[in-house]
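Please have the picture open while I talk, and follow along as I go from one part to the next.

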Amino acid sequence: MLLTGHQRIALEAMANAIRQSIIEMLVSAGSGHTAGPLGMADVFTVLYFHTLRHDPSNPAWEGRDRLILSNGHICPVLYATMAHAGYFPTEELNTLRKFGSRLQGHPHREFLPALETSSGPLGEGLSQAVGMAIADAMDKKAGERRIYCLMSDGELEEGQTWEAGMLAGKWALHNLVALIDRNNIQIDGFTENVMPLEPLADKWRAWKWHVLEVDGHNVAAIAAAFDEAKSVYEKPTMIIAHTIPGKGVAEFERDFHWHGKPPDAEQGEMALRELRATAQQISSEPE
Amino acid sequence: MLNAALRLNSHLFDDDVEQIAIRSGFGDGLVRAGETSPLVVVLSGDLTESAQALAFKKKFPDRFVELGVAEQNMASVASGMAAMGKIPFITSYAMFSPGRNWEQVRTTIAYNDRAVKIAGSHAGVSVGPDGGTHQAIEDIAITRVIPRMMVICPCDAIEARKATEAAVWTGTPVYLRLARNKTPVMTTDDTPFEIGRAQTVWTSAAPTVGLVATGALLHKALLAARALHDDGVDVEVVNLSTIKPIDEESLIALAKRTGRLVTIEEHQIRGGMGSAVAECLVRHFPVPMEFIGVDDRFGQSGTPEQLIEYYGMGRDAIMVAVHRVLER
């Protein structure tokens, strides 16, 4: 179902608010990852405010869709989105990475039970999502709820993701939708220099996946891709979302140096000024 | 003498004592577990027959997943299935699971608090001809350091069956350490079993050394105990099949009764069951100890019996260790 103009603007405004929260959290924490969380804000917004069947007031609801974040290091965007969705107060976001916080440096469901998995070590999320999808297939519940898995492109270098990809293809898990944050950067540089991944779509097609490629900053296109996945009944779906690392703050965009460091107070203020200006533009867009 | 209360196999000292592979007792337990709980599912990494998942697969084909040669994936897929309410058993050789997939076991199973059961067959040098690559002798060490993980090393096929059935209900990750080869059946259907409970299998009126054994080497410990008795040395033999959580109370009581211990395991001395016993006793009731196990070496090809003797884990080596600890 296509988004209305009103829905699109509301999602863009929410993604902007989430980006502002990410900047505030990272400045307060003094450590953490900047580029990935900013780059994935639009995907997270579409999922939590459009696609997912979930109930923030009842995180343990059995019928909920499951969202597995495999590359746990981008958790600032997960936490910020969950807070804006109502899972916990946004005031709690500034406890990120601090002693006693529910918002651990990498997601830990023992501290925050609303998380589906603990994650951080790369390449393990897809396997867990595949396990969930197989369990539902065994129980004939594949039509009742869907399993979503978000991954980075760099983590595809872990062989385990290929083991999981083959198994999902073998089982034709149509209740499984994975999304790769194709931002082309990782810690040591650009992915195609560190370890070439292309032709990426062909690789997943070879494992018997239905593959879509979308602009990871176009909320309407992202929503349409998740909708299309629901109509695919013979395969798992892989969405390759092309994103710009650091999206929304010109100085951070496309620079792999921002993969693993936070803005300082001054850089944070600069980023927030830019994001607030963008918010003004979004609110004045015609529907 | 044998502890009559445990209703052990009365033929266990016979030359023709019945021999069954511990791993096959696991296979029987797996089917029973499947009958008991519809939530039990089994995952296999291309070792279905050898790792003893075949009977389960035949009986419950809809609750069986073949993943191919991919142990890392297997551990994490099982975690995902557990998240949806299943009670998964992952089956492979101990060298690969929990060996190769240790970090997946740590992060996606234990850290994630998912009650996956890890069955590692082919543990110990008694794997035999396959050689050192396939002889897991580090697996107790790497599993018992993981929080939430229970570690069980059954002494025979019957105990393996009971441990497998019991593992279903712990609500925690469990590592079941299993041996490939046929070994003497020491227990019976009537022998009590409880996870976390050490059992005195050989008693003496005034024991001077306590032997603590895990796995099939318990039989060697009993052979040593009988021969030592004939030589005028009385010992007590304990089956420590649950290595974690360790039965501190029983071990402290044993140390107090005997004043000296020898631990016996088919595993590296460093980090194994003996280390776990030492960690307990050093804190609560230190006594002189000797360790029977592999002394910082890798395995090799040979018959199981040759290898047990070569690495110093046979009856005579245990008797020597008893005399050594008595001299301290």
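This is a predicted model: local features need pLDDT of at least 70, side-chain atom pairs count only at pLDDT 80 or more; totals for chains, interfaces and linings use all residues.

**Helices, sheets and contacts**

Let me begin in chain B, where helix H1 (residues 22-36) and helix H7 (residues 157-167) pack at an angle of about 30°, with their axes 7 Å apart. I give you both an angle and a distance here because two packed helices are described by the angle between their axes and the distance between the axes. The crossing of H1(B) and H7(B) is right-handed. On the side of H1(B), the residues that make the contact include B:Phe26, B:Leu30 and B:Ala33, while H7(B) contributes, among them, B:Ile158, B:Arg161 and B:Glu165. Sorted by class, this contact between H1(B) and H7(B) has seven nonpolar, five polar and five charged residues.

Stepping back to chain B as a whole, the domain assignment gives domain 1 (4-13 + 193-326) and domain 2 (19-184). The C-alpha centres of these two domains of chain B lie 24 Å apart, and 32 residues of domain 1 are in contact with 32 residues of domain 2. Which elements of domain 1 of chain B give two or more residues to the side that touches domain 2 of chain B? They are helix H8 (218-230), strand E12 (242-244), strand E13 (261-268), helix H10 (273-284) and helix H11 (304-310) of chain B. The residues on that side of domain 1 of chain B divide into 15 nonpolar, 15 polar and two charged.

Now to the place where the chains meet: 23 residues of chain B are in contact with 21 residues of chain A. On the side of chain B that touches chain A, helix H3 (71-83) and helix H5 (102-111) of chain B each supply at least two residues, and H3(B) gives the most, with nine residues. By class, that side of chain B has nine nonpolar, nine polar and five charged residues.

In chain A, let us look at an open sheet of five strands, which has the order E1-E2-E3-E7-E6 with parallel pairing. Strand E1 (66-69) and strand E6 (210-215) of chain A stand at the edges with a single partner strand each, so one side of each is left without a neighbour in the sheet. Neighbouring strands of this sheet are turned by 20° against each other on average, direction ignored. Four bridges join E1(A) to strand E2 (residues 147-152) of chain A, and A:Leu69 stands opposite A:Leu150 in E2(A). Helix H9 (residues 219-230) of chain A lies across strand E3 (176-182), E6 and strand E7 (237-242) of chain A, running at about 170° to E6(A).

Finally, ten of the eleven residues of helix H3 (residues 41-51) of chain A are buried, so this helix is largely enclosed by the rest of the structure; A:Phe44, A:Leu47 and A:His50 are among them.

Methods
Residues are numbered from 1 along each chain as its sequence is written. Chains are lettered from A and ligands numbered from 1 in the order in which they are written. Two strands pair if DSSP finds at least two bridges between them. Axes are lines fitted to C-alpha atoms, for helices over the stretch in contact, and angles run from 0 to 180 degrees between N-to-C directions. Two residues are in contact if their C-beta atoms, placed from the backbone, lie within 7 Å. Ala, Val, Leu, Ile, Met, Phe, Trp, Tyr, Cys and Pro count as nonpolar, Asp, Glu, Lys and Arg as charged, and the others, Gly among them, as polar. A residue is buried if 20 or more other C-beta atoms lie within 10 Å of its own, exposed if 12 or fewer, and partly exposed in between; C-beta atoms are placed from the backbone. A crossing is left-handed if the near helix is turned anticlockwise from the far one by less than a right angle, and right-handed if clockwise. Domain bounds come from an automatic or database domain assignment.
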